Amino acid sequence: MEDTLKIHDPDALHNAAMAIMKARKVLIFGKGSSYLVCKDLEMKLRRINKFAIAQGESHEQLVDASFINQNDAIVFISNSGKTTEIISAALLAKERKATIISIVKLGSSLLAELSDITLYTTSLEGEFRSAAMTSRISQFCVVDALFTNCAYMDIDKSVKMLEVTYQTFKKYRR
């Protein structure tokens, strides 16, 4: 986490949040452990009434990416930035002219090159990634910062939407 904070780029984070909040819809793609982070971002955005869909399955990613355009944003979360299925979806998103945001490990990767906005993480994991803990924790940190920036784009509306979701859970929890 500390190493990820050292490479934090506030301008990239702000630009990513702006792209997400201006987008008609937001797709969030990842595979394996990164998909867990995708679901976290999806739920956070939905709680402030931002249309978002997380996908972890390659065929569904390609189907959803087929119907995006320049009014949409797509967030790719990939530690390596080299996962074949993620690269295929990113290439399609590029063709469709959607804004591409990536959350990837610092270093060279095709996903970072394809992205309009790149948010970097650090990871101490080697090739053998036992449950991908350090990469996933770094990704969660970046997602939390990204969501906070999104919410602050219109903080009054975000607080109201969070209150609506809180009241809904309170009412229907039994």
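The model is predicted: local features need pLDDT of at least 70, side-chain atom pairs count only at pLDDT 80 or more, and totals for chains, interfaces and linings use all residues. Residues are numbered from 1 along each chain as its sequence is written, and side-chain values use heavy atoms, with hydrogens and water left out.

Helices (H or I, at least four residues) and strands (E, at least two) are DSSP runs numbered from the N terminus. In strand β1 (residues 26–30), 5 of the 5 residues are buried, so the strand is largely enclosed by the rest of the structure; buried means under 20% relative accessible area, exposed over 50%, and partly exposed in between (1.4 Å probe, protein chains only). V26, I28 and G30 point one way from β1, and L27 and F29 the other way. In a regular strand the side chains alternate between the two faces of the sheet.

β1 pairs in the parallel sense with β2 (residues 52–55) over 4 bridges, where two strands pair if DSSP finds at least two bridges between them. Q55 in β2 is the bridge partner of F29. β1 also pairs in the parallel sense with β3 (residues 73–78), over 5 bridges, and there I74 is the bridge partner of L27.

N49, in the loop between α3 and β2, has a phi near 65 degrees, a positive value in a residue other than glycine. N49 is exposed, with a relative accessible area of 54%. K97, in the loop between α5 (84–95) and β4 (99–105), has a positive phi near 70 degrees; K97 is exposed at 58%.

In helix α7 (residues 133–153), the buried residues include V142, L146 and F147.
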